[in-house]
Amino acid sequence: MMRTKIWARRLFVLVLLAGAGLWAADYIRHHPEDMPWTALDLRDPVGVFTGQKLAALTGDGALCRTLLEDADIAYRALPAREAGDRCGYRDGVSLIVGRGIAHRPGEAALSCPVAAALAVWEREGIQPAAMRHFGQPVVAIDHLGTFACRRVNGSETGRWSEHATADAIDIAAFELADGSRISIVEDWAGPEPERAFLVEIRDRACGLFATVLSPDYNRAHADHFHLDQAARGRLGRSLCR
Ligand SMILES: [Zn+2]
């Protein structure tokens, strides 16, 4: 009697494990974007390792540009720029905006990993949120700049900013199709649905950029989102506030 019970329990556990294995295999097949070992494809939905894979493109401009091309994200490769010892970029691109979201005041020089993350954020984060909250798409982003040869927070000493290598963008506002403007300085602590829209897209950016700083971080960011792809080591921890 006792023996039968033990065998029945063993069989039950084996069936359970086999079921879990089949479920896992099926999940992996349908969600390659969630696996750490799969190659990045910018057409995929955002997975749990997408941000780390985007940041890891730093230093591999050729691969990054191939991924943009595979995903039909139009770009212009920029000539290398040298500006002193610590400033400049080699693999800069600017996104060519057709019928998508315009970048104002003009074409911005971006490191390729920032450009790739920005394009995915616009498609997977900003536009779905705009449609849900306002029933219309965003047509333009107002940015405060990308490349600037300076240290963090403009200090005289200390760490160099990701802006010094065009590896960052500061975004101040979004314009909807009907012409209304949602700005971080006016609407971050403002009424709904503007506030919910800004919080939601900030959170979505956290899955795509190594660093996302909003007004929640400090007063220096009261009027913009700072997004960058700073190297954060092998574990790829992101800073999101
Ligand atoms: Zn910044």
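Visitor: How many Å separate the centres of domain 1 and domain 2? After that, take me to the packing of α4 and α6.

Guide: This is a predicted model, where local features need pLDDT of at least 70 and side-chain atom pairs pLDDT 80 or more, while totals for chains, interfaces and linings use all residues. Numbering starts from 1 along each chain as its sequence is written, and side-chain values use heavy atoms, with hydrogens and water left out.

The centres, taken over C-alpha atoms, are 45 Å apart. Domain 1 is 1-30 and domain 2 is 40-240, bounds that come from an automatic or database domain assignment.

Now the helices (DSSP runs of H or I, at least four residues; strands are E, at least two). Helix α4 (residues 112-134) packs with helix α6 (residues 194-205) at about 160°, axes 10 Å apart; axes are lines fitted to C-alpha atoms over the stretch in contact, and angles run from 0 to 180 degrees between N-to-C directions. That makes the two roughly antiparallel, the label for angles over 145 degrees. Their crossing is right-handed, that is, the near helix is turned clockwise from the far one by less than a right angle.

Who touches whom? With contact meaning heavy atoms within 4.5 Å, the α4 side includes W121, I126, R132 and F134, and the α6 side includes E194, F197, I201 and R204. By class, the contact has nine nonpolar, two polar and five charged residues, with Ala counted as nonpolar and Gly as polar.

Conventions. Angles under 35 degrees count as roughly parallel, over 145 as roughly antiparallel, 65 to 115 as roughly perpendicular and the rest as oblique.
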